[in-house]
Amino acid sequence: MVSLLEKAAAQPRALTHRELAEVLAWPDASALFNAAYDVKCRHVGRRVAFRGLVEFGNVCEKDCFYCGIRRGNANVRRYRMDADAIVRAAEWVCKAGYGSVVLQSGELTGEENAAFVEGVLRRIVAVAGDGFGITLSLGEQTEETYRRWREAGAHRYLLRIETSNRELYARLHPADHSWERRRDCLGALRRCGYQVGTGVMCGLPGQTTDDLASDIEFFAAEDVDMIGMGPYIPHPDTPLGRGVPWTPADAKDRLELGLRMIAATRLYLHDVNIAAATALQALDPEGREKGLLAGANVMMPNVTENQYRADYQLYAGKPCLDENASVCRACLERRIAAIGEEILWNARGDSPHWKSRLDG
Ligand code: SF4
């Protein structure tokens, strides 16, 4: 059995589908996490790259069945930060030494939104400079919009496919949400010159270990640079989460599954950036640190103003709702030092996979 982990660690994409599924279900979780951690250290060292996360609006045109800010949830107080507030938050991120910001919101399309984001990007570049990293996570857009935002200064884009299983995707979304369109957006992002990120939820109802192995193979087939995955946590105001019982044992199992997914992804892809998602912390106060020790190398501290945080809940139990960005920074520094890792200050923390593709 050990030889399978060694085979995976020796070179990327070395496992068959069956072997990848076996690795995901590896009986000794610590051995799996340690093998993935060694691979991470080889490619990025014992270092964590930070991206300050600005959740600048929770208005969304879509209605995903699992999401707390879906259009159909009337219990959400909707907000959208103005351009000044977003630029201020990005400036704080830059001054705090995080090196990168992530701008995230519900999915909005159309000229007004495209122009608003473009204007914000140009202002952020003007205050933070070219070396500052800007990641967008703003959903499906036209290729023209992606290109416009790229030219205005964004250079990474995260668009989670949520699951590579089209039938499962269809069960999680209304009929007018298209898996194929989402997959095609990943291609458009690549053509526009972004570092491209995707990801999935793990622990979805009806999802199998085979599906998760296929998800990791999907990341490889799309040749993505960054992965942002999270365990599925039911939200009570959604069709998928309503009335679903949730116990501490469920949280423990879901956390372990999320960590297994990080580790197996690291073992299969080796040199991509992998985020330790905040959803891990919602399941365990030390969930993100555990994610780093299972092979993740990116963290996204929330820098959104406190008044908005509670209104941006994609899943139930989101942590740090009452802590401001400075408190988060100090808390994270302690947490990272406690696991013997170091923060990559004032650096964009680009994906090594992207760099090696550029090098040729
Ligand atoms: S998952 Fe994204 S696109 Fe779907 S409803 Fe939530 S914010 Fe909107």
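**Exercise 1. Cavities**

Find how many cavities of 30 Å³ or more the whole structure holds, and describe the largest cavity.

*Solution.* Step 1: a search of the whole structure, which is a predicted model, finds three cavities of 30 Å³ or more.

Step 1: the volume of the largest cavity is about 880 Å³. Its lining is made of 40 residues, and Gln-104, Arg-160, Glu-162, Tyr-312 and Leu-314 are the closest to the centre.

Step 2: turn to the elements. At least two lining residues of the largest cavity come from each of strand S2 (52-57), strand S3 (100-105), strand S9 (230-231) and helix H11 (278-283).

**Exercise 2. The ligand**

State which space the ligand takes and which residues surround the ligand.

*Solution.* Step 1: the ligand takes the space of the largest cavity.

Step 1: the residues around the ligand are Cys-60, Lys-62, Cys-64, Tyr-66, Cys-67, Ile-69, Arg-70 and Gly-106.

Step 2: by class, this shell consists of five nonpolar, one polar and two charged residues.

Step 3: take one of the shell residues, Cys-64. Its relative accessibility is 16%, and the limit for buried is under 20%, so Cys-64 counts as buried.

**Exercise 3. The second largest cavity**

Give the volume of the second largest cavity, and then its lining.

*Solution.* Step 1: the volume of the second largest cavity is about 130 Å³.

Step 1: the lining of the second largest cavity has 13 residues. Nearest the centre lie Arg-51, Met-226, Ala-275, Val-298 and Met-300.

Step 2: strand S5 (156-158), strand S8 (226-227) and strand S10 (273-274) each contribute at least two residues to the lining of the second largest cavity.

Step 3: by class, the lining of the second largest cavity comprises eight nonpolar, three polar and two charged residues.

**Exercise 4. The largest pocket**

Work out which element gives the most to the lining of the largest pocket.

*Solution.* Step 1: the space in the largest pocket is about 160 Å³.

Step 1: list the lining of the largest pocket. The residues are His-43, Val-44, Arg-47, Val-48, Ala-49, Asn-273, Asn-297, Leu-344, Gly-349, Asp-350, Pro-352 and Lys-355.

Step 2: two or more of the lining residues come from helix H3 (29-44), from strand S1 (47-50) and from helix H15 (352-359). With three residues, S1 gives the most to the lining of the largest pocket.

Step 3: the classes in the lining of the largest pocket are five nonpolar, four polar and three charged residues.

**Exercise 5. Ala-25**

Locate Ala-25 and decide whether Ala-25 is buried, partly exposed or exposed.

*Solution.* Step 1: Ala-25 is in the loop between helix H2 (17-24) and H3.

Step 1: the relative accessible area of Ala-25 is 48%, so Ala-25 is partly exposed.

Step 2: compare Ala-25 with Gly-349. Along the sequence they are 324 residues apart, and in space they are 30 Å apart, C-alpha to C-alpha. Gly-349 is one of the residues that line the largest pocket.

Technical notes
Residues are numbered from 1 along each chain as its sequence is written. This is a predicted model: local features need pLDDT of at least 70, side-chain atom pairs count only at pLDDT 80 or more; totals for chains, interfaces and linings use all residues. Side-chain values use heavy atoms; hydrogens and water are left out. On a 1 Å grid over the protein atoms alone, a cavity is a set of points where a 1.4 Å probe fits but cannot get out, and a pocket is an open set with protein on both sides within 12 Å along at least five of seven lines; lining residues have an atom within 4 Å of a point. Grid points are joined across faces, edges and corners, and a volume is the space filled by probe spheres set on the points. Helices (H or I, at least four residues) and strands (E, at least two) are DSSP runs, numbered from the N terminus. Ala, Val, Leu, Ile, Met, Phe, Trp, Tyr, Cys and Pro count as nonpolar, Asp, Glu, Lys and Arg as charged, and the others, Gly among them, as polar. Buried means under 20% relative accessible area, exposed over 50%, partly exposed in between (1.4 Å probe, protein chains only). A residue is near a molecule or strand if one of its heavy atoms lies within 4 Å of it. A molecule sits in a cavity or pocket if more than half of its atoms lie within 2 Å of its grid points.
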